[in-house]
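Me: Hi! I have a structure open and would like to talk through its inside with you. Could you take a look?

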Amino acid sequence: MIAFLARRLVHGALVLLVVSLLAFALSAFVGDPVASILGLNATPEDRVVLRERLNLDDPWASRYLSFVGKAVQGEFGMSYSAQRPVIDLVLERVPATLELAGVALAFSLLIGLPIGVYAAVFRHNWSSGAVMMLSVIGVSLPSFVVGILLIFLFSVRLGWLPSFGRGEVVDIGWWTTGLLTVSGLTSLIMPAAALAVGQVALIARLVRAEMLEVLRTDYIRFARARGLKPRVINLSHALRNTLIPVITVSGIQLGFLVAFAIVVEAVFQWPGLGLLFLQALGSTDVPVISAFLLLAACFFLVINTIVDLLYLVADPRLRVRGGLSSEGAL
Amino acid sequence: MLKKMLLTASVALALTASPMQAAELRYAGTTPALTMDPHATNDFVTTAIFRQVYDSVVGLTLDMELAPALATEWEYLGDNTWRFKLREGVAFHDGTPMTAEDVVFSIMREKDSRFYTALFGGISEAKAVDDLTVDVISTAPDPILPRKMTRMFVMSKAWAEANDSLEIPDLGAEGAEAHSVRNANGTGPMKLISHDPSVETVFERNESYWDEWPGNVDKATYLPIGSAPTRVAALLSGEVDLIVDLPLQDIERVSSTAGFKMEQAPQFLLMQLEMDGTRDVALDTWNKDGTPIESNPFKDVRVRLAIAHAVDAELIVDRVMRGNGRIVGIASVPGFGGYQADLDERWPTDVERAKELLAEAGYGDGFTTQLNCPLERYVNTDDICRAAASMLAQIGIEVRVNGMVWPEFARMLVNGPTSSFHLIGNGSNSFDSQDTFTSTMMTRDADKKEGFFNWALYSNEIVDKVARELPVTFDQEERTKLYREGLAAARDTVSAVYLHQPMITWGMKDGITAPIRSDATLTLQNVVVPE
């Protein structure tokens, strides 16, 4: 167990090293901070002065070390465009993105699970075929198309839901939540739905496949032979045993939901990390881009580690082997 | 039916979603206001927003003419000194009176901003003569200083002192957020209530505003909505009353929907194709057979004229811009100081004449060249470049369009410039054509800061003479003569192939009156919303 954890930490450190190198290279070489900060107006003298102040003429190794040193302390410098510390900007945006991803995940489970179960139990029924067909469409529709369709229908045509923003939010310490106000909740529905559409299909197909597998096993047959009601068999015996893979996949999906949120956040002007990242890209605000990359890497690492640990808990055989290969690592 | 549904929906939404106050305006644009510190950015979207809170020393009418604002009159005393008389009885939003000391403080603060070196770098000192008189002393004569003062924003000194904001927030350095980024204390028509760049900026009417108030807005909220379809949807669903960036492709849709209208004004931006006027060998240019060219065709005025005659700006405005542009014939636009309406006539489009000119110049077989084209920042540049390329193909000039993202394009110019042929939008810092002469058309000498934005190295003696004389000429008649001489020379030698001014397009609900100013500012005190 400890050996496993240690190995995971080493892997994680390696990944972070690579990502931090990339993020640094971005800020140092690709972005040309002087051009980004000063723009076309700069005179040659202005540029020399700024280069000196940013220590751009130091050897890159020492600049990299100071970049990492500061990043570890949570200092990513000032955003060029917002003129505020990057870390403040990022922390401010985290709650919006996590709430969106969390609700989207809940949507996809609440809708995907029943669909999957239905399609497995009534697998010979034409309606389950139709549902599965629909799920293919769900997987293949890009979330921004879904988003724009939803806006057109529910905001412009029906006027039921707000087309942009997060509505009214409530501060709880440093966390802001839109889950406690009516306008916050109505604002959340469409972005979360747009984000969840692809996931619903994924979960449904996963549940269906797992259920079919389980329904073929002996203990389900015996349960049937004992004359238990189909409802009991399907829900308490079969479904429970399909849940473990569903949970792990959902965990990993949460990471993807956060990543995909970029597109949905742009469509709905959702004030989260993805929108911040896009705006930073648009204005080549390199400190923000670097910070986003590093944080995204950390986020994926943490989720993957947790998922691996869950495997460990769920499957005792892995514990006996004393470790786990690095599948599922970033 | 659809329209009716839409209307009921928007009404229902307006009634339920936001408790409509008597006169509230919710308006949306593409990008957020970056900062509320008026000296810390020159981004025009942000400027249009902090202008609600901060007045400038000299004001602008809706037609962009100079008007008394915080200064009621100004005169040139000689000796590089301008005297500004300040308005009596103006108060900051916190109630403290505005005095010469605040103006002096603001001038000294803004002149040091790296965003305003082009405008105010020449100011050496500002002095308070008495409580309501300020002298501004420059290192050289500056006849257009009053026009530049339309972008000199006055902040309360005591407030800045109390909030540790005497200095402009410093970007390269580490540190905390400056107070002035999200708070403000100006004398403007609106008070800043809150500013959250990612979500909204809220203003409330300044009841003790010094100027008259033609509109009826008590409260206004600016919302950034980056995605164009969402912004349009927010307007059509009634969630916002007005959007300041109506995308070209949605103009028809909005203006044909009952209950909505569209309004336009030409933007202070001149789209033009710039051509290498100095190098002996043009960059990225080849003979028709693919061998590198050993001359610079663009240096020959006949070739420049040929290109000007071949590129049909009307067709570009018509097709690419869907009619949303104003054709430009000289290096100045209406509203700029020094604009000459009678000279503003674009070269005729004449392919035969263009071919003749090209043959006379010895390029009868044409040549191949590369057009560097910034892909964002301006409207539909990609299509403009490709349209120009196909028009030039008709006279034998084969053009390869080299699309570049803006940072890459900007780097090419700032670190070079290394482009012999490109599309660019030309504005003016001070809204005076003098700027165009001194910074975009004068022979480039970066060390002397002459012709600093003359990225294609255009060079003409008359233009240079005008560029040197305008900044030291105070007599209005003399100035007019110089403007005319310079603008005509620039047009005749094709300082650039002028194309068009894009239109600023706003979409809004019927019943709203919102005059557009060419600097893209929505002046909230002039807005009337239905009660």
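Predicted model: local features only at pLDDT ≥ 70, side-chain atom pairs only at ≥ 80, totals over all residues.

Me: Which element gives the most to the lining of the largest cavity?
Reply: That's S13(B), with three residues. Strand S13 (270-275) and helix H14 (433-441) of chain B each supply at least two residues to this lining.

Me: Switching to packing: how many residues has the largest nonpolar core?
Reply: It has 122 residues, and the ones with the most contacts inside it are B:Leu273, B:Ile307, B:Val311, B:Leu392, B:Phe437, B:Val497 and B:Leu499.

Me: Where does this core lie?
Reply: It lies between domain 1 (21-223 + 510-526) and domain 2 (270-503) of chain B, because both domains give residues to it.

Me: Which residues is B:Phe437 in contact with, leaving aside neighbours within four places in sequence?
Reply: B:Phe437 is in contact with B:Met442, B:Val463, B:Val466, B:Ala467, B:Leu470, B:Tyr483, B:Gly486 and B:Leu487. There is also a second, separate core of 66 residues, which includes B:Phe50, B:Trp82, B:Phe115 and B:Ile504.

Me: Back to the domains of chain B. What separates the centres of domain 1 and domain 2?
Reply: The centres, taken over C-alpha atoms, are 33 Å from each other. Across the boundary, 13 residues of domain 1 of chain B are in contact with 14 residues of domain 2 of chain B.

Me: Now the backbone. What's the phi of B:Met64?
Reply: It is near 70°, a positive value in a residue other than glycine. B:Met64 is found in the loop between strand S2 (58-60) and strand S3 (66-68) of chain B.

Me: Is B:Met64 buried or exposed?
Reply: B:Met64 counts as buried because its relative accessible area is 1%, and the cut-off for buried is under 20%.

Me: What about B:Asp79, buried or exposed?
Reply: B:Asp79 is exposed, with a relative accessible area of 70%. B:Asp79 isn't a glycine, yet has a positive phi of about 60°. You'll find B:Asp79 in the loop between strand S4 (71-78) and strand S5 (81-86) of chain B.

Me: One more, from chain A. Where is A:Ser250?
Reply: A:Ser250 sits in helix H10 (residues 230-268) of chain A. With a relative accessible area of 6%, A:Ser250 is buried.

Me: Which residues does A:Ser250 touch, not counting those up to four places away in sequence?
Reply: A:Ser250 touches A:Leu105, A:Leu109 and A:Ile203.

Notes
Residues numbered from 1 in each chain as written. Chains lettered and ligands numbered in written order. Heavy atoms only, no water. Helix = DSSP H or I, 4+ residues; strand = E, 2+ residues; numbered from the N terminus. Core = buried A, V, L, I, M, F, W, Y, C linked by side-chain atoms within 4.5 Å. Buried < 20%, exposed > 50% of the residue type's maximum accessible area, 1.4 Å probe, protein only. Domains from an automatic or database assignment. Contact = heavy atoms within 4.5 Å.
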